[in-house]
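Hi,

Here is the structure I promised to pass on.

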Amino acid sequence: MNPYPPDHPVQDESYWSGVRAQYAVSPDFINLENGFFGVQATPVHQAFQRYQEQLNLESAYFLRVRLPERLAGVMRALAAFTGADAGELVITRNLMESLNILLQGYPWRAGDEVLLAEHDYDSVIETLEMVAARHALTLTRLTPPLDPASDEQIVALYQAAITPRTRVLLLTHMVHRTGQIMPVAKIAAMARRHGVDVMVDAAHSFAQLDYRLGELGADFVGVNLHKWLGAPLGVGLLYIRRPRVVDIAPLFGDSRSAVDDIKKLAHVGTVPPAPILAIEDALAFHLAIGSARKEARLRHLSQYWMTRVRDVPGVRLFTPRAAERSCAIAAFGIEGVAAQQVVRRLMDDYRIFTVLRTVGAEECVRVTPHLFTSIEQLDALVAAIGEIAAGAR
Ligand SMILES: Cc1ncc(COP(=O)(O)O)c(C=O)c1O
């Protein structure tokens, strides 16, 4: 039931309670909805507040004199962390901005086909629908299995859907509904053999899973920094493999930058600098724990509650059974109780905050612990699910 030996670092509760002490979270409820926005650790939040103060004290001097050098430092830190060249990265406000820059700037031809999945993020799908209407594109939606037998099963699904008109494949690395991790590198390798471009929505995988951007094998990746990296709200990242920068036309007007300079995509005017500067602090906090240890702990937490409810009569898990196919995010339902009702009862009766998500035509309850989630809080969730399920029988 527990894949780790008792002395494994993922269950060194004294280490993790030290990590927990570095987060200030509301004592009023158990927050198991950490998929939307990842709370900043206290040192990151304090740095962010210092930057705000300094900006307000120094005003234009801060922006004109201090900021350029500090920004260069942030870009160097991001390049080192992601394994990308700073010339392949643009800081954006969030993932939707990154994906809009890509989707609206891509050199579409009328009749091009885009492959996507039903489980992709709704707003990304809406952007694609808008772009499809403007450029006369065809969108083909796939429904990958919730609990695949192998990576190859998924690769084969995408491969079978490729036609001579397929130009782009949109992939969500970690499905926000169920937590399923898609085998992006394997799908991207197959797509490359067919001459199809891959755009990755890495909103949840970035800084939750231990990988470098280049390992995804995709030329275009959108990232979110305010979820699992724990930077303040208002920062995302766009990665474009260097030789492909030239192919993306700026969404925000630019006539000054060279066509192969990624800065052409970042011509957005004055933006709040404090969240951007705090990226460096968020990276330092993340690295002090370590990507591999963070991923292992988050997976341990979700596996902890899932293994305890899996066989409870009436409970259904929407997340793949194999532990390596998910990490922090997972979802469940209870037979005979609408998911909306389960979310409401968890909050009203047990002070546990979760969120409703849809999976195809069904609804589920998404549960997302964070590094500050304790085993006792997960025990409270397991007990609550058991009671709600028992009441429905
Ligand atoms: C899979 C996925 N993609 C994209 C986004 C959008 O991120 P943002 O609101 O930061 O643009 C989210 C946000 O929850 C997400 O879960």
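**What I found**

Strand S10 (residues 330-334) and strand S13 (residues 362-367) run antiparallel and are joined by three bridges. Helices (H or I, at least four residues) and strands (E, at least two) are DSSP runs, numbered from the N terminus. Ala330 has Val367 as its bridge partner in S13.

Before going further, some ground rules. This is a predicted model, where local features need pLDDT of at least 70 and side-chain atom pairs count only at pLDDT 80 or more, while totals for chains, interfaces and linings use all residues. Residue numbers start from 1 along each chain as its sequence is written.

**The sheet around S10 and S13**

These two strands belong to an open, antiparallel sheet of four, in the order S9-S10-S13-S12 (two strands pair if DSSP finds at least two bridges between them). At the edges sit strand S9 (315-317) and strand S12 (355-359), each pairing on one side only. On average, neighbouring strands here are turned by 40 degrees against each other, direction ignored. Axes are lines fitted to C-alpha atoms, for helices over the stretch in contact, and angles run from 0 to 180 degrees between N-to-C directions.

Two helices go with this sheet:
- Helix H10 (residues 339-350) packs on the sheet and touches S10, S12 and S13, with its direction at about 25 degrees to that of S13. Contact is when the C-beta atoms of two residues, placed from the backbone, lie within 7 Å.
- Helix H11 (residues 375-392) lies across S9, S10 and S13, at about 25 degrees to S10.

**Two domains**

The protein splits into domain 1 (9-31 + 291-392) and domain 2 (45-286), with bounds from an automatic or database domain assignment. Their centres, taken over C-alpha atoms, are 28 Å apart. The contact takes 21 residues from domain 1 and 17 residues from domain 2. On the domain 1 side, helix H9 (291-309), S10 and S12 each supply at least two residues, and H9 gives the largest share, five residues. That side divides into ten nonpolar, five polar and six charged residues. For the classes, Ala, Val, Leu, Ile, Met, Phe, Trp, Tyr, Cys and Pro count as nonpolar, Asp, Glu, Lys and Arg as charged, and the others, Gly among them, as polar.

**The ligand**

Which residues come nearest to the ligand? Of the 13 around it, they are Asn94, Met96, Tyr121, His176 and Ala203 (near means a C-beta atom, placed from the backbone, within 6 Å). The shell has six nonpolar, six polar and one charged residues.

**Covered strands**

Strand S2 (residues 89-92) is covered on both faces, with Leu89 and Ile91 buried on one side and Val90 and Thr92 on the other. A residue is buried if 20 or more other C-beta atoms lie within 10 Å of its own, exposed if 12 or fewer, and partly exposed in between, with C-beta atoms placed from the backbone. Four bridges join S2 to strand S8 (residues 236-240), and the two run antiparallel. Strand S3 (residues 113-117) has four of its five residues buried, so it is largely enclosed by the rest of the structure. S3 runs parallel to strand S4 (residues 138-142), with five bridges between them.

Most residues other than glycine have a negative phi. Ala136 has a positive one of about 55 degrees, and sits in the loop between helix H5 (122-135) and S4. Ala136 is exposed, with 11 other C-beta atoms within 10 Å. Arg351 also has a positive phi of about 55 degrees, in the loop between H10 and strand S11 (352-353).

Cheers
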